[in-house]
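I open this notebook to keep track of what I look up in the structure, entry by entry. Chain contacts and the ligand shell are the topics I mean to cover.

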Amino acid sequence: MFGLSSKHDRTILIVATLFMLLAPVIFNLFPENSALAFFNGGYPDLMQRFAIFAILATGFNILFGLTGYLSFGHAAFLGVGSYSAVWMFKLLGYNVLPAILLSIVVAGLFSVVIGYISLRRSGIYFSILTLAFAEMSYRLAYSVLTPLTNGETGLQVYNSDPQVLAGANSPTSPHLFGIEMSSAFDINLGPWQFTFPVGYYLCAILMLISFYIAIRIFRSPFGLMLRAIKSNQTRMTYTGLNPKPYTLAAFVISGMYAGLAGGLLASMDPLTGAERMQWTASGEVVIMTVLGGAGTLLGPILGAGVIKYLENVFSKMNETLLETWFAFLPDSLQHAVVWVLSKFTGEGWHLTLGLIFMVVIIFLPGGLVEGGQRIGKRFSRRKSSGNDDDNAAASEPAE
Amino acid sequence: MDAFLLQILNGLDKGSAYALIALGLTLIFGTLGVVNFAHGALFMIGAFCAVTLSRILGASYEVIDPTKTDFLGNPAKVQMPYVNDWFGPVAGPALQDWAVPLAILFSIPVMLLVGWIMERGLIKHFYKRPHADQILVTFGLAITLQEIIRNFYGANPIQTPAPEAFTGSVDFGVWLGFAENAIIYPEWRLVYFVFAGIVIAGVFAFLQFTTFGMVVRAGMADRETVGLLGINIDKKFTIMFGIAAAVAGLAGVMYAPINSPNYHMGMDFLVLSFVVVVVGGMGSLPGAVLAGFLLGILESFFSNSSFKGWIIENLYLDGTFLASFIQGIDQIIIYLVAIVILLTRPRGLMGRKGVMED
Amino acid sequence: MGILEVKGVNKRFGGLQALGDVNLSVQENTVHAIIGPNGAGKSTLLNCLVGKLIPDSGSVSFDGQSVLGRSPFAINQMGISRVFQTPEIFSDLTVLENVMIPCFARRDGTFKLNGIRSVMSQNDMRAKAMAMLEDVNMADKATMHAAAMSRGDKRRLEMAMCLVQDPKMLLLDEPTAGMARADTNNTIDLLKEIKEKRNITIAIIEHDMHVVFSLAERITVLAQGTPLVEDTPENIKGHPKVQEAYLGGNH
Ligand SMILES: Nc1ncnc2c1ncn2[C@@H]1O[C@H](COP(=O)(O)OP(=O)(O)OP(=O)(O)O)[C@@H](O)[C@H]1O
Ligand SMILES: [Mg+2]
């Protein structure tokens with residue numbers, strides 16, 4: 001089915017599909033007015049961001065997970081994608097299809113240029129080159145390129161824009177042939193409330209397609225060559241293979257994934273600024289991928305999900321909320337607990353993120369997927385590790 | 001000529017900061033072989049040492065001053081710093097005024113301690129791990145450190161003035177025989193430059209004239225031999241890391257009056273310092289210092305509009321796209337130079353062969 | 001006319017003349033050993049053949065075509081495979097994957113964006129790789145991680161990776177250096193077997209005379225960057241110049 005030869009791959013694709021399609025339900029497990037409704041994550045905005053960042057991380061993983069080239073510049077492609085999409089809205093109209101296509105193409109071209117230059121070096125030099133390019137793009141967006149980026153104000157659609165393809169009664173927000181991204185339909189089942197947003201489903205479907213392509217790449221000879229690059233470039237060259245075009249291809253593919261993610265971000269909210277391109281934003285993608293498990297198929301998606309969800313939950317927790325939660329404690333203790341926790345929540349979410357990230361790298365270099373596998377192994381010791389179909393999905397911790 | 005000199009001088013303070021951070025970075029991966037993305041955070045912590053000390057010295061309580069009344073005619077309340085009580089009305093305010101230079105003394109033990117904890121608690125477990133892991137874990141650490149600082153000091157820049165005596169400017173030009181007011185230079189920046197020079201000279205002297213320094217230099221020349229030379233190599237690594245942390249911290253302390261400390265200044269300087277290290281040549285200490293100053297000066301030249309105007313005029317670029325590109329080039333000149341150097345001269349200005357190249 | 005022709009090759013490293021006017025002709029389907037004291041320039045010569053180094057002057061041609069100026073992967077595609085002193089394998093991958101990579105390299109060339117059909121569903125490639133593994137008695141280790149193998153097995157795997165490409169010529173740089181006697185004998189047997197089963201030219205650099213005399217049909221003695229003599233093993237054994245190069249020169 002779908003040209004996937006291994007049962008393992010079919011299973012994860014099906015599980016991912018079901019998960020994405022039912023996400024509005026899965027994330028809203030708790031009845032609307034219950035105390036635990038706080039932990040619901042089924043908002044359109046959050047779920048969209050999850051799907052979009054899953055695309056970004058999946059693409060990043062094709063480069064970093066397979067070839068081992070650590071780029072700190074992927075946010076630049078995301079930003080370029082967003083700018084391209086908004087330009088399409090301005091020139092052609094709010095239909096997201098041309099916007100998304102252009103963002104992929106432009107990010108692809110941009111990554112050919114940056115990749116071609118950066119890949120002339122490897123290791124830490126490559127990382128620093130991508131870092132320098134990303135910072136440069138970010139600063140250019142604020143200075144010289146203001147005619148294209150609208151500088152600090154950010155690029156957005158104005159009434160005076162041509163929008164040549166927009167008809168008289170076209171929607172005035174991003175849409176796909178008339179179906180508006182911001183629309184949604186609600187279902188109320190007793191105390192539960194589920195929202196099925198259109199924008200999310202577009203992102204989810206594109207994410208599933210991206211994921212499917214990633215599986216094919218992982219399992220193909222091309223993917224094998226990418227893993228060979230990470231493992232031993234000397235052997236590769238003396239085996240008659242040229243690592244350069246393989247790495248560049250991986251770089252461009254992952255740049256296009258980032259462009260798609262950028263285009264989708266703009267399609268959900270047609271406004272974009274240069275801060276999207278800052279190198280710390282690239283760092284976030286790195287964190288997601290590594291947290292979930294670089295080099296594994298599900299890792300980046302898991303990482304994106306965990307981080308976006310925790311970001312949402314932690315940012316929402318403010319001191320008043322914490323105080324009501326710990327009201328059962330004696331006063332002084334309550335204050336102490338709230339004081340400590342408040343450092344990690346709300347504004348302090350990034351502190352938690354930094355800590356989680358460090359803990360994962362120190363104790364679980366293979367990410368959450370490896371953690372899951374370790375636990376899984378503990379439960380089923382008797383199963384030997386000989387089953388080869390599963391083998392490629394398992395990632396050995398980086399050497 | 002005087003305008004030229006002024007641009008060079010303007011580049012010196014930033015250049016000094018780049019040079020100091022890059023020096024520490026180079027020491028760390030020259031000896032320990034670790035790529036430290038948290039080095040910018042050490043610079044930032046240094047700057048916040050200055051903030052902290054000036055807050056401690058400024059701590060005060062309210063007293064009623066019987067000699068003054070407020071606008072309602074009641075006796076006025078004034079803030080009485082504790083230092084005034086302890087050291088008297090003359091020494092107290094002087095201490096407050098000199099908080100930033102005094103923070104040098106305060107920051108050295110703090111930075112050594114921070115460095116010691118970082119190296120013993122985290123970095124030492126990553127000596128054998130791939131460079132990518134080192135980058136990732138120190139990146140995580142950098143985020144953590146900067147967020148801790150934000151938690152306690154807030155997100156806004158905190159003004160930390162230099163001592164009263166150094167807030168003015170010197171007419172540098174007069175000293176050199178130029179016209180009056182031709183080269184006006186803020187005193188504190190001059191102090192910063194001299195200070196950086198002393199620290200750099202100190203580090204080089206330490207490496208040159210102590211047995212410890214000799215071991216370190218031998219280690220940087222050939223990492224294999226370090227193991228043979230030292231019986232207690234672990235301890236040497238820790239000390240080295242502490243020194244690098246202290247150098248970054250000192251750079252930060254004295255930088256506080258130039259640029260009000262904020263929590264993300266470390267990340268801002270980090271990228272640039274890496275660029276500096278790469279331009280100087282990975283693993284080369286003189287290269288790091290040289291590149292730091294050169295790039296600082298370069299940046300200052302390209303942020304000067306008359307210099308850019310001069311380029312545009314002389315290359316007949318007026319009105320073209322390149323003209324507007326050059327107008328905005330100060331933002332990116334350092335990166336451009338770094339990219340060109342990395343591609344054409346991968347060893348940088350003074351680097352040795354094969355450092356960290358796979 | 002040999003399959004490999006080296007004519008007048010010079011290579012300097014700064015002031016050091018590593019290779020001086022080297023002429024060498026390796027005949028098709030023979031085992032040709034290159035011996036000489038340490039620093040004689042054997043590895044340098046080999047690196048000039050595989051494209052890692054470019055000679056300052058002279059010509060190197062393989063199968064009638066010049067190899068000069070070609071990159072290592074292009075030279076490999078011409079039919080020269082190289083075995084390293086310490087085995088270079090893909091240690092993160094499985095043994096089977098290690099052997100499949102050269103299969104794809106032979107089929108698809110230096111680069112092909114081959115992202116559609118999965119590796120494991122390409123039965124012809126898989127069968128070819130498995131057959132090769134059986135040849136070197138490693139079929140039972142196909143799913144093992146290459147990193148987890150013994151040094152002897154890594155050497156076998158590397159040979160398998162080279163041989164599965166059906167190279168016209170195999171280059172080996174001290175394949176038994178640092179090996180125990182038993183492993184050395186295994187390697188000799190492996191190479192003999194390869195020689196019997198295939199039409200292949202082998203050039204081998206070796207210090208161990210036991211290995212050299214067990215395998216070589218012709219021997220070139222290199223000293224200080226120039227070939228002293230080239231002859232059959234029998235004649236080389238008692239050759240006065242060789243004795244001198246080994247005993248008088250460096251020892
Ligand atoms: N890249 C290089 N740069 C400078 N000198 C080199 C380089 N490679 C080799 N040499 C020198 O060239 C000479 C020949 O070296 P080569 O490695 O070819 O010798 P060899 O015959 O393989 O010796 P061994 O038996 O020890 O392997 C030696 O003196 C060596 O030091
Ligand atoms: Mg040799």
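Before the first entry I note that helices (H or I, at least four residues) and strands (E, at least two) are DSSP runs, numbered from the N terminus. I also note that this is a predicted model, in which local features need pLDDT of at least 70 and side-chain atom pairs count only at pLDDT 80 or more, while totals for chains, interfaces and linings use all residues. Residues are numbered from 1 along each chain as its sequence is written, chains are lettered from A and ligands numbered from 1 in the order in which they are written, and side-chain values use heavy atoms, with hydrogens and water left out.

**Entry: ligand 1**

I looked up which elements of chain C each supply at least two residues of the shell around ligand 1, and I found β2 (16-26) and α1 (42-50). With 3 residues, α1(C) gives the most to this shell. A residue is listed as near if one of its heavy atoms lies within 4 Å of the molecule, and the residues around ligand 1 include Phe13(C), Leu16(C), Asn38(C), Lys42(C), Ser43(C), Glu174(C) and His207(C). By class I read 4 nonpolar, 6 polar and 2 charged residues in the shell, where Ala, Val, Leu, Ile, Met, Phe, Trp, Tyr, Cys and Pro count as nonpolar, Asp, Glu, Lys and Arg as charged, and the others, Gly among them, as polar.

I then turned to the distances from oxygen atoms of ligand 1 to side chains. A polar side-chain atom of Lys42(C) lies 2.8 Å from such an oxygen, an N or O atom in the side chain of Ser43(C) is 2.7 Å from one, and for His207(C) I again read 2.7 Å. The protein covers 59% of the 640 Å² of accessible area that ligand 1 has on its own (Shrake-Rupley method, 1.4 Å probe; for residues, only the protein chains shown count as cover).

**Entry: chains C and A**

Taking contact as heavy atoms within 4.5 Å, I find 40 residues of chain C in contact with 29 residues of chain A. The area buried between them is about 3100 Å², of which carbon and sulfur atoms give 62%; buried area is the accessible area (1.4 Å probe) that two parts lose on being put together, summed over both. I count 2 salt bridges between chain C and chain A, each a side-chain nitrogen of Lys or Arg within 4 Å of a carboxyl oxygen of Asp or Glu. One of them joins Arg227(A) to Glu97(C), with the closest N and O atoms 3.3 Å apart. The elements that give two or more residues to the side of chain C that touches chain A are α2 (72-78), β6 (80-83), α3 (95-108) and α5 (151-163) of chain C, and the largest share, 5 residues, comes from α3(C).

**Entry: chains A and B**

Among the 2 pairs of chains that touch, I find the most contacts between chains A and B, each of which brings 43 residues to the contact. About 4100 Å² is buried here, carbon and sulfur atoms giving 76% of it, and the count of salt bridges between chain A and chain B is 0. On the side of chain A that touches chain B, α5 (123-142), α11 (279-292) and α15 (349-363) of chain A each supply at least two residues, and α5(A) gives the most, with 13 residues. No contact joins chain B and chain C, whose closest C-alpha atoms I find 14 Å apart.

Methods
A polar contact is a pair of N or O atoms within 3.5 Å; within protein, one must be able to donate a hydrogen and the other to accept it, and residues adjacent in sequence count only if both atoms are side-chain atoms.
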